[in-house]
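Hi,

Here is the structure I promised to pass on. Have a look at it first, and then read my notes below.

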Amino acid sequence: MITDKCKLVNNNDERGNYVIATNEIKVGELLLSEESFASIPLEFHNKEYCFLCCKQSEMEDTKTTKTTEVQSNNKPIQCKFGCNMWFCSEICSNDMTHQLECSFINKFIESSIKNECDVSTCLLALRVIIKNKIESDKYQETVGKLSNQIEKFNETNKSFIEKYESNFQQVLDQLKQENSDPSLLAIFNKDEFLQIVCSIYVNSFSGLSNDFNRKPISNGYFYKPALLNHSCEPNIFFTIKDKELEMRVCKKIEIENEILDSYVDLLLPTIERQKILFNSKNFLCKCSRCSDSTEGERYLSSIYCFQCNDGVEFISPEIIYNSETKKFQENWKCSNSNNTCKFNEKKQSKRNKDKELQSILLEIKEFKEFINSEELLLSSTTITTTTAAEADQEMPIIENLLKRLLKFERDLLSRLNLNHHCWLMYHIKLSTTFEKLSLIYNNFDYLVQSIQHYKEMTRQVESIFKDSTSGELVDCYYHLGRINEKYLLSLIKQRNQFIQLKLQNQNKQDVDIDKLNVDIKNLLKFINQCYLNSYNHSILVFGKNHSKSIQLNEMVLKSNLKSTTTTNK
């Protein structure tokens with residue numbers, strides 16, 4: 001038994017071991033919780049998160065969780081032994097694991113960067129090696145049992161193994177040149193390091209920030225959660241705070257049904273999810289979503305058919321892995337079921353090479369490169385850090401970038417299904433961009449455009465998760481409520497100005513104040529519903545006592561209170 005709600009089933013066939021429910025489990029129920037064997041913050045050279053336990057610093061807690069009054073009793077302190085990392089307390093700073101790893105940390109960082117290895121993975125592997133020497137029984141009974149799949153990495157991604165092997169060897173050579181104590185050198189074993197690195201890639205869990213922006217902040221090495229198999233149609237959702245992981249049920253699970261987690265970002269289309277799983281987890285997903293070219297009618301890769309040209313039929317790709325070429329292949333087919341589509345009349349090989357299709361796919365590639373480009377990233381940074389006067393100088397650049405995005409909308413996005421992943425990327429980028437512009441220029445039109453993109457983004461995320469719940473939905477509804485609050489304040493300010501001018505007999509505009517009050521009241525109801533939707537999802541995926549749920553509950557009450565008082569001001 002893993003918990004009183006689930007158990008591990010040992011299986012020797014291709015499917016491997018799996019976890020099933022021992023009784024019916026309802027949506028929102030806590031399945032399990034576990035403290036990691038070891039964790040590491042992803043941004044380790046600042047004070048924001050403790051280098052040992054990943055706890056958020058006091059300053060950050062006080063700022064970001066003001067409504068929940070979550071504060072630490074200890075301010076960040078810097079390591080006294082030489083690595084200069086930051087900790088939440090003397091207890092973490094003086095922890096035996098850190099004292100033993102301290103002198104090796106900067107060596108592993110330098111070597112990891114030089115060999116293009118993931119620094120956080122190497123530091124976590126170092127910590128696991130050290131902690132294994134201190135708590136070997138715990139290691140052997142938990143994470144030491146997990147599969148590392150090093151043979152598959154050697155078979156499918158030899159270069160991955162080689163660069164981490166080179167990384168380890170450089171650190172070891174440096175230690176020998178420095179005439180390090182032989183007892184310290186004895187701690188390290190190349191085979192053990194590589195096995196742990198592979199196990200971390202296959203089994204670790206990423207923790208996200210405790211705000212509404214889903215920023216990756218930590219990497220944790222857990223045992224029981226890693227026993228669950230993957231599906232792109234999961235029935236559980238996990239969250240991590242500090243070193244503690246909780247798994248809650250996001251779809252009702254019947255007795256003896258398998259409990260499934262997702263190892264990838266579910267907002268990605270099938271081909272991208274499959275590539276991530278194959279390259280980092282060494283398997284191809286065969287779930288119902290991956291097996292369907294429309295992803296269960298989510299249409300994240302679907303293009304309106306240019307042969308039918310009726311705005312109804314679309315072509316979608318079946319994703320195949322070619323073991324000979326060792327590449328993923330997209331086999332395209334139109335949804336027309338009447339056998340009247342000329343595209344479907346072609347052989348599969350000719351369909352895939354269709355000139356118009358290839359032209360669209362090339363444009364999709366160019367769009368994704370642009371939307372993720374440094375050029376666009378720098379423009380977003382510019383408009384968040386400048387005043388209106390300074391931003392005026394940057395406006396020609398920003399306008400040019402917006403024109404290019406709108407050109408993509410006209411020439412490319414209009415040819416894609418409204419749920420295509422490119423549309424989601426577009427709405428995410430423009431929702432925040434127009435919001436920043438509205439803040440700098442105090443421009444009502446920018447705010448309205450931002451709201452429309454937030455609405456479309458929420459609609460798309462809803463369509464992806466369908467009858468399930470997720471942290472992404474919590475954040476989407478929160479931001480939709482938040483941006484509409486800004487719109488509400490603009491309307492209230494506008495209304496109050498009209499009333500003031502009317503009292504002074506200076507209002508030359510014919511404004512229906514009663515209608516404006518109705519609009520304000522309806523908007524308040526919408527905002528309240530957004531926060532309520534966010535709260536309802538939050539208590540299912542995070543629990544009622546989570547800081548997000550507490551904060552959202554306060555926002556629900558606040559927005560509901562406003563709806564009965566604001567229009568009477």
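Before the notes, one term: contact means that heavy atoms lie within 4.5 Å. Two others will come up as well: axes are lines fitted to C-alpha atoms, for helices over the stretch in contact, and angles run from 0 to 180 degrees between N-to-C directions. Helices (H or I, at least four residues) and strands (E, at least two) are DSSP runs, numbered from the N terminus.

Some housekeeping: this is a predicted model, where local features need pLDDT of at least 70 and side-chain atom pairs count only at pLDDT 80 or more, while totals for chains, interfaces and linings use all residues. Residues are numbered from 1 along each chain as its sequence is written, and side-chain values use heavy atoms, with hydrogens and water left out.

Let's start with the sheet. Three strands make an open sheet in the order S13-S14-S15, with antiparallel pairing. At the edges are S13 (303-304) and S15 (327-334), each of which pairs on one side only. Two strands count as paired if DSSP finds at least two bridges between them, and S14 (residues 314-322) has 8 bridges to S15. Along that pair, Asn322 is opposite Lys327 in S15. Helix H10 lies across S14 and S15, at about 160° to S15.

H10 covers residues 270-281 and includes Arg273. Is Arg273 buried or exposed? With a relative accessible area of 0%, Arg273 is buried (buried means under 20%, exposed over 50%, partly exposed in between, using a 1.4 Å probe and protein chains only). Leaving out residues up to four places away in sequence, Arg273 touches Cys232, Val264, Asp265, Leu266, Leu268, Arg289, Cys290 and Glu295.

Next, look at strand S4 (residues 38-41), which holds Ser39. Both faces of S4 are covered: Ala38 and Ile40 are buried on one side, and Ser39 and Pro41 on the other. In a regular strand the side chains alternate between the two faces of the sheet. S4 runs antiparallel to S8 (residues 216-221), joined by 4 bridges, and Ser39 sits opposite Gly220 in S8. Ser39 counts as buried because its relative accessibility is 2%. Its side chain also makes a polar contact of 2.6 Å with that of Ser36 (a pair of N or O atoms within 3.5 Å; within protein, one must be able to donate a hydrogen and the other to accept it, and residues adjacent in sequence count only if both atoms are side-chain atoms).

Now helix H9 (residues 190-203). Its 14 residues reach 20 Å from first C-alpha to last, close to the 20 Å expected at 1.5 Å a residue (the expected span is 1.5 Å times one less than the number of residues). H9 is mostly covered, with 10 of its 14 residues buried; among them are Phe193, Leu194 and Ile196. At the N-terminal end, Asn189 caps H9, with a side-chain oxygen 3.0 Å from the backbone nitrogen of Asp191.

Finally, the cysteines. How many disulfides does the structure hold? There are 0, where a disulfide is a pair of cysteine sulfur atoms within 2.5 Å. Cys305 is in none, and the nearest cysteine sulfur, that of Cys341, is 3.7 Å away. Cys250 is buried at 4% relative accessibility, and Cys305 is buried at 3%.

Cheers
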